[in-house]
Every structure is written in structure tokens, then in C-alpha cells.
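Trainee: I am new to this model. Please take me through it, one question at a time.

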2 protein chains.
Amino acid sequence: MLSQNKIKLIASLQQKKFRQELGLFVAEGHKLVTDLIGSRLRLEGIYATTEWITANRAPGGNDTCSLTEVTPREMARISGLSTPGQVLAVVHTPQSIADPAAVSELATSELILALDEIRDPGNLGTIIRIADWFGIGTILLSESSVDTYNPKVVQATMGSIARVRVTEGDLAVLLSGISAPVYGMLLGGESLYDHHLTQHGVILVGNESRGISEDLLPYVTDKLEIPAWGDTYAGKAESLNASVATAIVCAEFRRQCSRRSPPIEPQKPQIL
Amino acid sequence: MLSQNKIKLIASLQQKKFRQELGLFVAEGHKLVTDLIGSRLRLEGIYATTEWITANRAPGGNDTCSLTEVTPREMARISGLSTPGQVLAVVHTPQSIADPAAVSELATSELILALDEIRDPGNLGTIIRIADWFGIGTILLSESSVDTYNPKVVQATMGSIARVRVTEGDLAVLLSGISAPVYGMLLGGESLYDHHLTQHGVILVGNESRGISEDLLPYVTDKLEIPAWGDTYAGKAESLNASVATAIVCAEFRRQCSRRSPPIEPQKPQIL
């Protein structure tokens, strides 16, 4: 049973203003909620129908956060989906300000994605899912991008938001301190397939229509292009969708690396 | 100046029923409309604001289809967009029934995409754009998929609908007659990167949540998988978005082929 105030509070999280004010966001559906349970994110509460609770709660289970049974009618009021599911989680927004020194150090040991003004929620969610698939644990997001905790972004991640850290920051400041390679996707860059791609550094993805901002170009050390096979054939697509381009690039980074040497197991200190 | 009947007719094309009844669809925005002009698709008419006409019509130009000047108010009534643009085209839907014999022959000389129950308009539009980028000129679409001429699909193609032929058909019938390889993306398939990929045949893409239908599995000759780097690292994404997976696969087909020999201009038998 939900109070009117609670219903209003959860419903208000569809809006950025209230998400920021309350430091909370919503995630809906079985896959997303089960991915969030036990993840690094802290849940404020789970709101589920009797049916979901019966099917999913461990017998005599020790709930790690509050679980509230709701009627389908209440679910429809707190849900942002046109077809509400059986479960919804309210989640504490993680701290998400990127620290330049930490980012610079991280870039020397692993791949990071930096997104410059990604505006479409579906694109951002899909990119978070792609990062997860390719084992990229950190995304830097320019402040002018869509809000990571926009419900459309959260839903499009299909649970990957539970695993990939998205931190906001001024990309010019963050990139200026990096000594590792900064790969930029740019028309006229070298073919992705002719370039030696490292297992560390930053992959910079530009805005859906304008590409990489002028002020970030000086930080790009390696300009890359996805060759358009269509050039030699009939096709004439001028560009690829931002998330599609990101996927092709991430796949090629991982392919090249897997071809060079097997992933290295962290060194284990020898006892004997 | 538009008549009330014309406004009603164009507005009705947002619905599949009327698109099918009238054999027409709408495309909006400068990029899409200019890509359609002079393409293989036949335009019924272009509806544009004074501003667009002044900027875009060749002086003394010979319009290849009727051009109607509309007020911003009229544009708002015929447009399906929340922010209408300056130009809208009404286009004749091309004949789109795939002929099994023609498909079978085409598959021996070039790559074809076959989409099994793609339901999301954004995914279908994005896949059409990907096909265009990678020079794949033909897409076979199962009858249970989203309508190709749904305005959301058309807009997501970013003009590629003017170049890529999308033909509907019963995929089981079409695939059963094919002697060329039929590549299917399946969990447990061989790594895409370890498999010799040909420059001809069919790439079969499954439904967003259920994958490839049971009844199509017998026609798959080569089972492929995109390796999830996350398996060995921290990531745990269970899947990739259908259009993202399609992009990674198409990119790898073209990469492998470009590494073997320069692209050969394929023969193009006509399906229709």
C-alpha cells in the first residue's frame, strides 16, 4: 500500500529537476531491477506486485532494501512506461563527478569512453550497454549531454547501468590531463582497421549531428574513421548513428587486442 | 495552399492502414527529401515552406514532381513530427514482394540482410542506414516485422530508404531456396572473428528479444557470435541491441573482405 505522497514522489522522478533534487532515479522491469539488486548502486526501495514478489523473493529472505507490495493500479501511477511492468526500483543516484587525476591514471591502464554532447536518451542507454558488453567500465559524459538517469536512458541500458560507471565532467579539462592516447572518430581519419589500437586510453565519441566539438579536437591524438564500404558500391549513407559507430569501434579495439595476445590474468604473487 | 482533403490525406499516412490503402508514405526534413529526389522512388509531391523553396529550387527549375508551397500552419497539420521541418515529401510505396528465385540468385553474388520480426521502428530504420553504409542494397523483411514505411522507420533511415531496397516476404520460403551461406547470429555460435566470411549470402538477424525464430534455424548454415569481451572482464551485458549487433557483423564482413582482395563490383540482378 502506497501513500499519496510516495506515489507523487516516485512519479516525480520522471523529471530531471526532481531526480537531481532528491538524488534518486527509477528503473523498471524484472531484468533491470534484478541486475540492480546486489550491484554497486544503493536501492532506496523496490515496489512490486504480489505476483512478482511470490515468484522472486527468496523464502524467508533477508531483503537488502525495503520491498513494498503494490497493486497494478498503484504501479500504473508510479510507472513511466505506457505498459507498466511488475516491478520498479527507486535507486540512489551515485556520486558522479569525474576527478581529472583519477581519470588520467585510469586511462593508462584501461579503455574509457568519453561522450561529447550525446543528446538522444536511446543512444546513451545503448552506448552504456555496449560498454558493458565490451568490458569498458567507465564512461565520461560531457555536462551538456542527456541526463544518465533519464528513465529512457536507464531502460535502454537493459541493466548495464548497474555495472558501468557514468561520470559527468568538463571533457576539455579531463582530456587535457591525459597522457594516454585519445582516439577520436572523425571524417578523414585513418581507417580503424589500419591503425594499431591500444588496450588503454580514451575513445571520444561526438554529438549525433555535429560530431566532436571544436574545443576538444586538440586533445585527439589518433583520428580514426570507419570505412564506408558504400563508397565503392551503391551506398551513400553519410554517417552512422552515434551508438552504432561506438559499437563498431569498441568491437575493433577488442578484436585487435584479442588477436595480439590473450587477455592477461592479473599477476598473482608467488608464495613458493 | 492545401485543401482540407489533401491535409487529411497526408496526415492519414501516419497510420499503416492508410499507407497500405493509398500506396503512399511520408518523409520529412531536408536531408530525407533531397535524398529521395532523383532516387529510384517515385514522389507524389513535395510540400514545402516559402523559405525552403527559395533556398532549394533551381532557378527556372524543371520540377520532377509537384511542388506545393505550404504555410508553417499547414505544415504543422500534415507533419507527424513534434517539431515540423520545412519540407515533407509524399512518396509512392515501391512494390515490395520478394521473389524467391531472384533472391536466391542475388545471394550468390552479394550480401543480403534478412530481418526476422524486427519490431522497433528505430531499430529497423537504423539497420537500413547501416546497410546503406556497408553497401548492402537489399533487405528481406519478415511479414511480422514493423512496417518499413512507418514514419519513425523512415526518419531513422536518415535518407538511406532512398537507396536500400526493403522487400517483404516469408523468410522460411525465401531462405529454403538459397544455396549461398546463411549466416545466423546465435549464442554459442563461432566467433565472428574466427570465421571465414564471404562476400555473398544472407545475414539473418533475429527478433530483439527472442532472437531467430525456431522455424528459420534449419536454414542457418553458419552460426556466428559476437564475442563479449565482458566475459573475461567485469562486464555482464547479456546481449546487444539488434541494430548494434547488425552493425558489428556487417563491419566485420566488410573488413575481412577488404583484407582479402579489393572490392569487386558485384553483378546486380533485379529482384523486382
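Mentor: First, a definition: a crossing is left-handed if the near helix is turned anticlockwise from the far one by less than a right angle, and right-handed if clockwise. Helices (H or I, at least four residues) and strands (E, at least two) are DSSP runs, numbered from the N terminus. The model is predicted, with pLDDT of at least 70 needed for local features and 80 or more for side-chain atom pairs, while totals for chains, interfaces and linings use all residues; side-chain values use heavy atoms, without hydrogens and water. Residues are numbered from 1 along each chain as its sequence is written, and chains are lettered from A and ligands numbered from 1 in the order in which they are written.

Trainee: Which is H10(A) to H10(B), parallel or oblique?

Mentor: Helix H10 of chain A covers residues 242–260, and its axis lies 9 Å from that of H10(B), at an angle of about 55°. Axes are lines fitted to C-alpha atoms, for helices over the stretch in contact, and angles run from 0 to 180 degrees between N-to-C directions. Under 35 degrees counts as roughly parallel, over 145 as roughly antiparallel, 65 to 115 as roughly perpendicular and the rest as oblique. H10(A) is therefore, relative to H10(B), oblique.

Trainee: Is the crossing of H10(A) and H10(B) left-handed or right-handed?

Mentor: Apply the definition from the start. The crossing of these two helices, H10(A) and H10(B), is right-handed.

Trainee: How many charged residues does the contact of H10(A) with H10(B) have?

Mentor: Contact means heavy atoms within 4.5 Å. Ala, Val, Leu, Ile, Met, Phe, Trp, Tyr, Cys and Pro count as nonpolar, Asp, Glu, Lys and Arg as charged, and the others, Gly among them, as polar. On the H10(A) side, Glu252(A) and Arg255(A) are among the residues that meet H10(B), and Glu252(B) and Arg255(B) are among their partners. The contact has eight nonpolar residues, no polar ones, and the number of charged ones is four.

Trainee: At roughly what angle do the axes of H7 and H10 of chain B cross?

Mentor: H7(B) spans residues 121–133, and its axis comes within 9 Å of that of H10(B). The crossing is right-handed. The two helices are roughly parallel to each other, with a crossing angle of roughly 15°.

Trainee: How many polar residues are in the contact of H7(B) with H10(B)?

Mentor: In H7(B), the residues include Asn123(B) and Thr126(B), and in H10(B) they include Ser243(B) and Thr246(B). Five residues of the contact are nonpolar, none is charged, and the polar ones number four.

Trainee: Which strands stand at the edges of the chain A sheet?

Mentor: Two strands pair if DSSP finds at least two bridges between them. The four strands make an open sheet of mixed pairing, in the order E1-E4-E2-E3. Each edge strand has a single partner, so one side is left without a neighbour; the edge strands are E1 (24–28) and E3 (66–69).

Trainee: What is the bridge partner of Phe25(A) in E4(A)?

Mentor: E1(A) and E4(A), residues 87–92, run antiparallel and are joined by five bridges. In E4(A), the partner of Phe25(A) is Val91(A).

Trainee: Is Gln14(B) buried or partly exposed?

Mentor: Gln14(B) sits in the loop between H1 and H2 (16–22) of chain B. Its contacts beyond four places in sequence include Arg19(B), Glu28(B) and Pro151(B). Buried means under 20% relative accessible area, exposed over 50%, partly exposed in between (1.4 Å probe, protein chains only). At 29%, Gln14(B) is therefore partly exposed.
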